[in-house]
Amino acid sequence: MSQPLKSELKTSVIENELLPRFQQEGTALYRLLQEAAYLARCSDNKTAALIRPRDYAIKYPYMQINRANFVSWLIFDLDHDNAMIWQDKGLPAPNLIVQNSQNGHAHLYYAIAPVCTSERARSKPIHYMKAIYAAFARELKADTEYHSGPVAKTPGHSWWRTSELHPHIYELSELADCVELASASPWAKSPNLDAVSHSRNCMLFEKLRYYAYSIVSRQKTEGSFLSFTRLLEAFAHNKNAFRSLGFAADLSLSDLRATVKSVARWTWDKYSGSSRCHRGVMALDQSLPLAEKQALAAERTHSARKQKTEGQIRAACRILQQQGKALLHEAIAQAAKLSRQTVAKYKHVLEEVKKPISVLALRPVNGVPAGVKYAVHQVSAPPGEVASFAGEPDLRSPDDGFTLLPLPEI
């Protein structure tokens, strides 16, 4: 028997041993089966055109893992052979690793507290989950367009090499603490395809440029222009399905290459990100641990937020003083558009505002060293008149140490 065939038989036996764990409570495979849709999509290819009860769906190599409008697993599609990249990046361990034994490509499964994604669901948890997914995908060098399926490699199937690491269910906050979430930026929004729906080239251009914006920074740090271009080419080929959208044909290969070349060169040379994003403004050493960089960034953010709040309270106090109103916490909070509890935390600002303004009149000191000039000698005034402020008479006297020099006639 040949060595490859022996390896396949050995893998098949190992994976078949995992099948009973789908029925064993407290395991990651048991949770996967329980959280899956009762009627799940499945098949022996990525189309997953069949619909079977989940107890039968797990017998197919490809299966729908998350229910419709409900995400219980974050699944990352690795198009490289380093299935342990999470360990290299210092990220938490996935619950399951399902790897293709031929090329090393894998799916990493992270069990999370379920997030509802239906039309009636709250938007903030969904955006939070998507931000975490994008950050993890960036660190894992995973496909950012995969978005956890809906179809994935079925854990435990004999086609794949499955590793079950632990049954822990992650809270989103646990995962968020391990990565740096990207701030909101224009390219995080979806392209407006309605305005260019008449043109295949324009639709591809819009999709491609937004994708290029999202990966160019990482490619400049970890890749090259060549790898950046190849990613854009793969994205363009995947999106070249205009026949299914009602067009007569897909774009030609020459059109794809021209669009990719244009977007790649412009984005690589000129794109610098959103002006509202301050990533890298602290110029931190890249060798610092992620936790330390996050702590320093959080400290800076807290300081900036504190200064902004202090400014709002001072401005509100000035408005109330001009209106002759008392500086009460409720009035200040309403004028500053802050909560009363927040205003109460800034007592030092209120005490500073309530202090009377003291004006110190500066007078020249006697016994001035020679060669010192006062500004009064340089104040221009009409000939024969003495400079005064706001029309007031000049009250200075020789005893003050001033010497009034006659101004030359013009």
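The lining of the second largest pocket comprises 11 nonpolar, 12 polar and 10 charged residues. The structure is a predicted model. The pocket itself has a volume of about 1000 Å³, and among the residues closest to its centre are Asp77, Asp79 and Asp143. Helix α7 is one of the elements that give two or more residues to this lining, and a kink of about 45° is found in α7.

**Second largest pocket**

- In total, 33 residues line the second largest pocket, and those closest to its centre are Asp77, Asp79, Asp143, Tyr146 and Asn238.
- Two or more lining residues come from each of β4 (70-78), β7 (151-153), α7 and α8 (225-239).
- The element that gives the most to the lining is α8, which supplies six residues.

**Helix α7**

- Helix α7 spans residues 200-222, a run of 23 residues.
- From the first C-alpha of α7 to the last, the distance is 32 Å, close to the 33 Å expected at 1.5 Å a residue.
- The kink of about 45° in α7 is centred on Ile215.

**Residues with positive phi**

- His147 is not a glycine, yet its phi is positive, at about 55°.
- The position of His147 is in the loop between α5 (123-140) and β7.
- His147 counts as exposed because its relative accessibility is 52%, and the cut-off for exposed is over 50%.
- Lys337, also not a glycine, has a positive phi of about 60°.
- Lys337 belongs to the loop between α11 (329-336) and α12 (340-344).
- The relative accessibility of Lys337 is 76%, so this residue counts as exposed.

**Loop residues and their contacts in space**

- Gly26 sits in the loop between α1 (3-18) and α2 (28-35).
- With a relative accessibility of 54%, Gly26 is classed as exposed.
- Although 140 residues separate Gly26 and His166 in sequence, their C-alpha atoms are 9.5 Å apart.
- Arg67 lies in the loop between β3 (62-64) and β4.
- Arg67 has a relative accessible area of 33% and is therefore partly exposed.
- Arg67 and Ala40 are 27 residues apart along the chain, and 8.0 Å separates their C-alpha atoms.

**Helix residues and their contacts in space**

- Glu174 is part of helix α6, which covers residues 172-176.
- The relative accessible area of Glu174 is 35%, so Glu174 is partly exposed.
- The C-alpha atoms of Glu174 and Ile112 are 9.7 Å apart, while the two residues are 62 residues apart in sequence.
- Arg314 is located in helix α10, which covers residues 290-322.
- Arg314 is partly exposed because its relative accessible area is 24%, which falls between the limits of under 20% for buried and over 50% for exposed.
- Between Arg314 and Val353 there is a C-alpha to C-alpha distance of 7.1 Å, with a separation of 39 residues in sequence.

Notes
Residues are numbered from 1 along each chain as its sequence is written. This is a predicted model: local features need pLDDT of at least 70, side-chain atom pairs count only at pLDDT 80 or more; totals for chains, interfaces and linings use all residues. Side-chain values use heavy atoms; hydrogens and water are left out. Helices (H or I, at least four residues) and strands (E, at least two) are DSSP runs, numbered from the N terminus. The expected span of a helix is 1.5 Å times one less than its number of residues. The bend at a residue is the angle between axes fitted to the seven residues ending there and the seven starting there. Buried means under 20% relative accessible area, exposed over 50%, partly exposed in between (1.4 Å probe, protein chains only). On a 1 Å grid over the protein atoms alone, a cavity is a set of points where a 1.4 Å probe fits but cannot get out, and a pocket is an open set with protein on both sides within 12 Å along at least five of seven lines; lining residues have an atom within 4 Å of a point. Grid points are joined across faces, edges and corners, and a volume is the space filled by probe spheres set on the points. Ala, Val, Leu, Ile, Met, Phe, Trp, Tyr, Cys and Pro count as nonpolar, Asp, Glu, Lys and Arg as charged, and the others, Gly among them, as polar.
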